[in-house]
Amino acid sequence: MSTHNNSSYHHGNLKEGLIEEALKMLESEGLSSITLRELTKRLGTSRSALYRHYSSKEELLKAVIQAGFKRLDTYVFASISEDLDIQTKIYTLGRAYINFAMLHPNIYRMIFGNELEKHREESCDIKEREDAPSFHSLVDIIKDGHEKNILKKEDAFMQATVLWAILHGLSNLLIDGHVHIADNIDRLYELSFKTMLDGMALK
């Protein structure tokens with residue numbers, strides 16, 4: 001296990017370094033591996049230096065949750081192009097969401113699981129665009145579908161919540177080791193997407 005040179009963090013990047021290292025530990029060893037002692041050891045810094053940026057482990061974990069959401073949003077946003085039609089945008093966004101969960105299951109479990117629910121509620125509000133940009137991007141796509149008379153004109157936020165609930169359920173089934181689901185993910189997603197769009201589309 002390598003540690004970083006303490007001098008690397010003399011110029012204000014220790015705060016970012018702590019988050020990056022915590023995410024690495026989360027992905028490879030799980031949430032329980034993140035301790036202040038281990039972080040200071042890996043980064044070759046002192047506990048007092050860490051406390052200058054985060055007053056407690058709870059504050060650090062809130063920042064890690066925010067970083068996890070940002071990684072999810074960045075991954076999902078990267079899949080969407082403005083020249084795609086409404087249905088393809090929703091399809092692509094949904095598949096990217098599931099792919100992220102499969103590629104980064106420990107990050108996904110952290111940001112949506114029960115273990116850090118209190119921290120998540122205190123640091124992220126789905127109603128705020130800056131806290132959940134990919135979700136609000138989905139809301140915007142649905143509103144665009146309303147304006148173009150492609151989707152039923154209902155509450156766009158609630159429609160997006162229903163879509164997210166389906167995607168979230170599929171993601172949890174996949175990362176929790178349901179082999180039958182994992183072996184049929186392409187077919188299952190196609191059917192789920194068709195069911196979603198059939199329910200939202202104008203006849």
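Predicted model: local features only at pLDDT ≥ 70, side-chain atom pairs only at ≥ 80, totals over all residues.
## Overall build

The chain has 11 helices and 0 strands. Along the principal axes, the C-alpha atoms fill a box of roughly 65 × 35 × 30 Å.

Of the 203 residues in the chain, 44% are buried. Among contacts between residues at least 6 apart in sequence, 65% join residues at least 24 apart.

## Aromatic pairs

The structure contains 10 aromatic pairs. One of them is formed by Tyr 97 and Tyr 108, an edge-to-face pair with 5.7 Å from centre to centre and 85 degrees between the planes. This pair links distant parts of the chain: Tyr 97 belongs to helix α5 (residues 86-103) and Tyr 108 to helix α6 (residues 105-112), and the two are 11 residues apart. Tyr 97 has a relative accessibility of 6%, so it counts as buried. Tyr 108 is buried as well, because its relative accessible area is 1%, and the cut-off for buried is under 20%.

Phe 135 and Phe 157 have ring centres 5.1 Å apart and planes at 75 degrees, so this pair is edge-to-face. Phe 135 sits in helix α8 (residues 133-147) and Phe 157 in helix α9 (residues 156-175), 22 residues apart, and the pair links distant parts of the chain. Phe 135 counts as buried because its relative accessibility is 7%. Phe 157, at 26%, counts as partly exposed, since that class lies between the 20% and 50% limits.

## A ring cluster

Ring pairs also join into a cluster, made up of Phe 69, Tyr 97, Tyr 108, Phe 112 and Trp 164. Among these residues, Tyr 108 and Phe 112 of α6 and Trp 164 of α9 also take part in the contact between those two helices.

## Helices α6 and α9

Helices α6 and α9 pack at an angle of about 130 degrees, and their axes are 11 Å apart. The angle makes α6 oblique to α9, because an angle over 145 degrees would be needed to count as roughly antiparallel. The crossing of the two helices is left-handed.

On the α6 side, the contact is made by Pro 105, Tyr 108, Arg 109 and Phe 112. On the α9 side, it is made by Trp 164, His 168, Ser 171, Asn 172 and Ile 175. Sorted by class, the contact has 5 nonpolar, 3 polar and 1 charged residues.

Notes
Residues numbered from 1 in each chain as written. Heavy atoms only, no water. Phe/Tyr/Trp six-rings, centres within 6.5 Å; stacked < 30°, edge-to-face > 60°. Helix = DSSP H or I, 4+ residues; strand = E, 2+ residues; numbered from the N terminus. Buried < 20%, exposed > 50% of the residue type's maximum accessible area, 1.4 Å probe, protein only. Axes fitted to C-alpha atoms, helices over the stretch in contact; angles between N-to-C directions. Parallel < 35°, antiparallel > 145°, perpendicular 65-115°, else oblique. Left-handed = near helix turned anticlockwise from the far one by under 90°. Contact = heavy atoms within 4.5 Å. Nonpolar A, V, L, I, M, F, W, Y, C, P; charged D, E, K, R; others polar.
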